[in-house]
Amino acid sequence: MRILILITLLFFLHGAGDVSAKVFLTKGKALELLFPEAEEIEKRHVFLTRPQAESVREMAKAEVDSRLYTFYIARSGGKETGYAVIDTHTLRTLTETVLFVINPDGTLRHAETLAFFEPTDYMPSGKWINLFLEKTKMDRMKVGKGVPNITGATISAVSFSQATRRVLAVYRVMLGTPADQ
């Protein structure tokens with residue numbers, strides 16, 4: 001019996017760290033860090049109509065699981081300086097939550113993983129995520145085309161790529177102008 005308890009303790013002490021879920025940053029703290037110059041951050045809910053959701057799906061070449069999105073619009077000096085939107089999507093069986101920051105021209109300024117509930121070995125690195133920044137063509141944001149795959153984390157890479165294209169398409173349909181037109 002003691003051996004069984006010892007093995008169980010060793011498993012949890014040694015192996016559990018790699019499989020634990022992580023919340024890295026709260027939404028409020030992330031908005032403070034990503035919009036330090038903002039005088040105001042407006043919270044705006046947008047609800048896609050069915051035709052708008054279909055446009056987003058076609059533009060992003062990704063499924064649209066929710067038609068409700070919340071944008072955080074940063075303003076400074078009376079001008080809109082950036083937009084943030086949070087996307088939570090399922091990877092294998094658990095979820096990842098990413099906050100995307102979009103420039104007024106519709107390009108991706110920053111992406112920050114707020115929470116990742118799969119084993120962190122499958123989490124995309126910051127260096128890989130940065131490959132999406134400033135891209136304007138949706139097809140250049142696909143794994144294997146404009147960004148490389150992540151060995152051993154293909155599902156995470158594909159899901160992140162789809163989420164990026166989806167939120168940029170929602171921005172373009174609901175708030176902005178396409179950067180690639």
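**A tour of the rings**

Counting ring centres within 6.5 Å of each other as pairs, you'll find 5 aromatic pairs here. Keep in mind that this is a predicted model.

Start by selecting tyrosine 83 and tyrosine 171. Their ring centres are 5.0 Å apart and the planes meet at 55 degrees, so this pair counts as tilted. Now colour by secondary structure: tyrosine 83 sits in strand β4 (residues 79-90) and tyrosine 171 in helix α6 (residues 154-174), so the pair ties together parts that are 88 residues apart in sequence.

Next, pick tryptophan 128 and phenylalanine 132. This aromatic pair is edge-to-face, with 5.1 Å from centre to centre and 70 degrees between the planes. Both residues of the pair, tryptophan 128 and phenylalanine 132, are buried.

How many of its 21 residues are buried? The count is 15, so α6 is mostly covered. Try the distance tool on its end C-alpha atoms: they are 30 Å apart, which agrees with the 30 Å that 21 residues should span at 1.5 Å a residue.

Last stop: select arginine 92 and tyrosine 122. Arginine 92 lies over the face of the tyrosine 122 ring, 3.9 Å from the ring centre.

Conventions:
Residues are numbered from 1 along each chain as its sequence is written. This is a predicted model: local features need pLDDT of at least 70, side-chain atom pairs count only at pLDDT 80 or more; totals for chains, interfaces and linings use all residues. Side-chain values use heavy atoms; hydrogens and water are left out. Rings of Phe, Tyr and Trp (its six-membered ring) pair if their centres lie within 6.5 Å; planes under 30 degrees apart count as stacked, over 60 as edge-to-face and the rest as tilted. Helices (H or I, at least four residues) and strands (E, at least two) are DSSP runs, numbered from the N terminus. Buried means under 20% relative accessible area, exposed over 50%, partly exposed in between (1.4 Å probe, protein chains only). A charge sits over a ring if NZ of Lys or CZ of Arg is within 6 Å of the ring centre and within 35 degrees of the ring normal. The expected span of a helix is 1.5 Å times one less than its number of residues.
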